[in-house]
Amino acid sequence: MGKPVIASATPYPLEVRAGQTYLWCACGLSKDQPFCDGSHKDGPFQPVRYQAPTDKIVFFCGCKHTASAPVCDGQHTQAASQPKESDA
């Protein structure tokens, strides 16, 4: 499996609503970051479903390298310094 595209070097802090389901973009290609718009079609990545347990602000991962998808775990501090696939 290839590596996802780094959509942002920082997380997306967004307000979510209790009971709502969100589909986080795992490939990095969506034009509607951090959410999926179907750009992964025919690729190795699938969106990650997130259901908000309460109304709150969630920091959705922008670098797509989090180990706790779809929530940021700080990996962007390392992922942003790695070359993108298009740069390699």
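Rings of Phe, Tyr and Trp (its six-membered ring) pair if their centres lie within 6.5 Å; planes under 30 degrees apart are stacked, over 60 edge-to-face, and the rest tilted. The pair of Phe35 and Phe60 is edge-to-face, because the ring centres are 5.4 Å apart and the planes stand at 70°. Distant parts of the chain are linked by this pair: Phe35 lies in the loop between β2 (21–24) and β3 (48–51), and Phe60 in strand β4 (residues 56–60), 25 residues apart. Phe35 and Phe60 are both buried (under 20% relative accessible area; exposed is over 50%, partly exposed in between; 1.4 Å probe, protein chains only). One aromatic cluster comprises Tyr22, Phe35, Tyr50 and Phe60.

The model is predicted: local features need pLDDT of at least 70, side-chain atom pairs count only at pLDDT 80 or more, and totals for chains, interfaces and linings use all residues. Residues are numbered from 1 along each chain as its sequence is written, and side-chain values use heavy atoms, without hydrogens and water.

The protein has 1 helix and 4 strands, in the order β-β-β-β-α from the N terminus. These are DSSP runs numbered from the N terminus (helices H or I, at least four residues; strands E, at least two). β2 and β3 pair in the antiparallel sense over 4 bridges; pairing requires at least two DSSP bridges between two strands. Thr21 has Gln51 of β3 as its bridge partner. In a regular strand the side chains alternate between the two faces of the sheet. The covered face of β2 holds Tyr22 and Trp24, the uncovered one Thr21 and Leu23.

The largest nonpolar core has 16 residues. Such a core is a set of buried Ala, Val, Leu, Ile, Met, Phe, Trp, Tyr and Cys residues joined through side-chain atoms within 4.5 Å. Those with the most contacts inside this core are Val16, Tyr22, Trp24, Tyr50, Ala52, Val58 and Phe60. β1 (12–16), β2 and β4 each supply at least two of its residues. Beyond its neighbours within four places in sequence, Ala52 is in contact (heavy atoms within 4.5 Å) with Val16, Arg17, Ala18, Gly19, Gln20 and Tyr22.

Cys63 sits in the loop between β4 and α1 (76–79). Its relative accessibility is 2%, so Cys63 counts as buried. Cys63 and Pro4 are 59 residues apart in sequence, yet 8.2 Å apart in space, C-alpha to C-alpha.

Of the protein's 88 residues, 33% count as buried.
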